[in-house]
Amino acid sequence: MAQSRERVPVQILEHDQIASTLAQRIAGVIRAANAEGRPAVLGLATGSTPIGIYRELIRMHRDEGLDFGNVVSFNLDEYYPMASDSIHSYHRYMWENLFEHINIPRENVNIPQGDIPREQVEDHCRQYEEKIRGLGGVDFQLLGIGKTGHIGFNEPGSGVESRTRLIALDTVTRRDAAADFFGEDNVPTEAITMGVASILDAREVALIATGEHKAAVIRRAVEGEPDPDVAATYLQTHPNATFYLDPAAAAELTRVKTPWIVGEVQWNRELEIRAVIWLSESVGKSILRLDNYDYREHHLSSLLARYGSAGPLNGEVFNALISKIRGKSKLPQGKRIVVFSPHPDDDVISMGGILNKLHHNSNEIIVAYQTSGNIAVFDHEVRRYLDFLNRFGRDFDLGDGRIEDLTGRMESFLDNKHPGQVDIPEVQTIKQRIREAEAVSGIETFGMRKEQACFLKLPFYQTGKVRKDAIGPEDVRITLELLEDHKPEIVFVAGDLSDPHGTHRMCLDAVMRALAEYSGDAPEVWYYRGAWQEWPVSEADVLVPLSEDELSLKILAIYKHQSQKDKAPFPGQDDREFWQRVEERNTGTARIVDRLGLPEYFAMEAYVVRRNGRPLEVETVPTSALGDRSRRRRRSDFPGAGTGSQPGLEGDAAEVTELGGQTTR
C-alpha cells in the first residue's frame with residue numbers, strides 16, 4: 001500500500017457510500033447522546049453535497065425509527081441579507097431537504113438569520129455562539145468545501161480564532177453561486193457564518209467533497225501547510241476531523257495521482273501507462289526516448305525492474321497507447337447506438353466529432369436528450385421569440401387573439417419576475433422548445449435527421465429550479481423504455497462529474513439503473529466528457545482524431561445552440577464559451593499525444609469504454625506494424641494526408657494514420 005503526504009485522515013468512498021456512511025455516523029451520535037440523557041448537537045451544512053446524507057437520514061427516520069426529538073441543530077451559515085422564505089435561503093433549503101421530513105422540534109433548529117437589521121447582526125452572532133456553548137458544544141459538525149477552500153463562509157484571510165460573524169463573500173464564491181441566483185449580480189455580497197474557531201470546537205468534524213472540480217482545493221487542504229487563505233487547512237489541527245471524498249474529488253492527492261512517489265505500489269497495466277506518461281511529461285521526452293536513468297531518478301525503479309530496462313517498457317506502453325487511436329474505419333459500423341445527452345447540447349459539445357463519424361459509418365443512431373435544459377435559457381431569449389410570434393400572427397392574419405393573449409401573459413410575467421423566481425408553465429415550455437429546436441439543428445449539421453432526436457424530459461429535472469429532485473422510478477422507467485425499444489449495441493453516456501449542479505451525475509445514474517433492469521444483451525458503454533473537462537490520455541480507452549475540418553464542423557454544431565452562445569447561464573468557473581473550451585481541449589489532447597511520440601493529429605476526443613463494468617479487450621498494435629515514424633511524418637505533407645491514401649503505409653500502420661484526421665506538422 002502506498003503511504004501518503006496527507007495531514008488529515010481521508011476516506012475515499014463512492015458517492016452513495018459517503019451518504020450512507022455519514023448518515024450512519026450521525027445516527028450513532030444521536031443514539032449515544034440519547035443514551036446519556038442529553039440532546040445530540042449537530043452542526044449542519046447546505047449545498048448539493050449533503051443532499052444524499054439528508055435523504056438517507058430521512059429514510060432512517062421513516063423506515064428504522066431514528067428519533068430526532070432530542071436533537072438540536074446549528075447551521076453553518078446564511079446569506080445576508082436574505083429573507084427566510086426566499087427560494088435561495090438556507091432556512092428554506094434545510095426545511096425542504098431535511099427538517100420537515102423528520103421529527104426535530106422547530107425550536108431546536110438554529111440557523112443564522114439573514115433578515116435582521118444590520119445593527120442587530122453582531123448581537124445575533126454573539127447569542128448564536130452562546131447558545132452552542134450552553135449546550136456543551138457541537139457533537140458532530142458536517143462541512144462542505146468551496147473552491148477557495150472555505151468551510152462555512154470562512155473566506156481567504158479568515159483567522160483560526162474567528163467566531164460567528166458577518167463576512168464579505170469572495171468573488172470566486174459568488175461566481176460559484178451565480179447559477180443558483182440566475183446571475184452573479186443577484187448573489188448577496190455578504191453572509192453570516194460560524195467562524196473557524198467555532199467549527200474547530202466541535203468534538204467530531206466530517207468534511208465531504210465530490211466531483212473533479214473539488215480535486216485541486218482538496219489536495220491543497222489535505223497536503224498543504226495550514227494557511228489563512230485556505231480555511232480548510234485548519235482542520236489538520238483538529239484531533240477528530242476526517243475528509244470523506246469520492247474518487248473524483250480525491251484524484252489530485254499524491255497517493256492517488258502519483259502513488260509511486262510516496263511508497264511501494266502493486267503495478268498493473270493501467271498504472272504502468274499512467275506512470276510512463278507522467279514520466280514522459282515530467283522529463284520532456286517522448287516515450288520511446290526515456291532511458292533507465294529517467295526511471296531511477298523519478299521513483300520508478302520498481303517499475304523498471306519489472307522489465308529489466310527502459311526499452312521493453314517504453315515499447316509496451318507506446319504500443320498500448322497506439323492501440324487506443326481509432327479513426328473512422330476503426331469505429332463501429334452498422335450498429336444500433338443510443339447517445340444519452342443530459343442537456344440538449346452535451347452531445348455536440350462532448351462527442352460531436354465521433355457522432356459525425358458514426359453517422360457516416362451508417363450506424364442506426366438515436367440521440368436521447370434526457371432533460372429539457374429549460375432553466376438554462378435567458379429571459380431575453382424568450383422575449384425575442386415572443387416578438388417573433390406576435391409578428392408571425394400579424395403577418396398571417398392569425399387574428400383570433402389567442403397568440404396575443406398567450407404572449408401578453410408571458411410578457412407580463414417576465415416584466416414582474418423576481419431574480420430566481422420559478423417560471424410559469426408557459427415560459428418553461430417555450431424555453432424547452434427553444435432548446436429542442438437547437439438540438440435538432442445541431443445534429444442536422446452532421447446530416448442527421450430530426451427524427452433521430454428523442455426528448456425524454458425526465459421528471460427529476462422538471463422542478464423549474466436549479467435544485468433538482470432525486471432520480472426516481474419514473475426517470476428509470478422512461479430510460480428503460482427507450483433501451484427496450486431500440487435494443488442498442490452501444491450506449492454513450494456523460495462521464496463528467498464536474499457538472500456544477502450534478503445533472504450529469506444524476507442522468508448517468510438513471511441510465512445505469514435502467515441498464516440494470518434491461519432485458520437485452522449488455523451494450524458497450526462509452527463515457528464521454530468535454531463540457532467541463534476531458535479524459536486524460538492515460539485513462540482513455542479510445543482516442544478519436546479529428547481533422548481541422550471535422551473540428552470546425554463540430555464547432556458549427558455547437559453554434560446552433562444560440563441560447564447558450566456568447567454567455568451560457570451556467571458556465572461554471574470557465575468564462576469561455578463552450579466552443580472555445582472544446583477547441584482548446586480537443587487540440588490540447590492531440591498535442592499531448594504528439595509530445596508522447598505518437599502520430600500527430602489536429603485534434604482528438606477521448607472516451608472510456610466498458611461492458612458490464614469492465615474494460616474491453618483491445619488488440620495491441622505492435623510497433624513493428626507502424627512503419628518508420630519519421631517517414632510517416634514526412635508523408636503527412638502529401639496532399640492525401642489524413643485521407644487514408646498515404647503512400648508507403650500498409651496494414652495496421654495505414655489504419656493508425658488514416659483515422660479521419662490530419663497528421664500535419
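**Strand Order and Ring Pairs in a Predicted Model**

Q: In what order do the three strands of the open sheet lie?
A: This is a predicted model, in which local features need pLDDT of at least 70, side-chain atom pairs count only at pLDDT 80 or more, and totals for chains, interfaces and linings use all residues. Residues are numbered from 1 along each chain as its sequence is written, and side-chain values use heavy atoms, with hydrogens and water left out. Strands are DSSP runs of E with at least two residues, numbered from the N terminus, and two of them pair if DSSP finds at least two bridges between them. The pairing here is antiparallel, and the order is 4-8-7.

Q: Which residue stands opposite Asp 77 in strand 8?
A: Strand 4 covers 77-80 and is an edge strand. Four bridges join strand 4 to strand 8 (residues 190-193). The residue opposite Asp 77 is Thr 193.

Q: Why is the pair of Phe 492 and Tyr 607 edge-to-face?
A: Rings of Phe, Tyr and Trp (its six-membered ring) pair if their centres lie within 6.5 Å; planes under 30 degrees apart count as stacked, over 60 as edge-to-face and the rest as tilted. The ring centres of Phe 492 and Tyr 607 are 6.0 Å apart, and the pair is edge-to-face because the planes stand at 85°.

Q: Is Trp 579 buried or exposed?
A: Buried means under 20% relative accessible area, exposed over 50%, and partly exposed in between (1.4 Å probe, protein chains only). Trp 579 has 19% relative accessibility, so this residue counts as buried.
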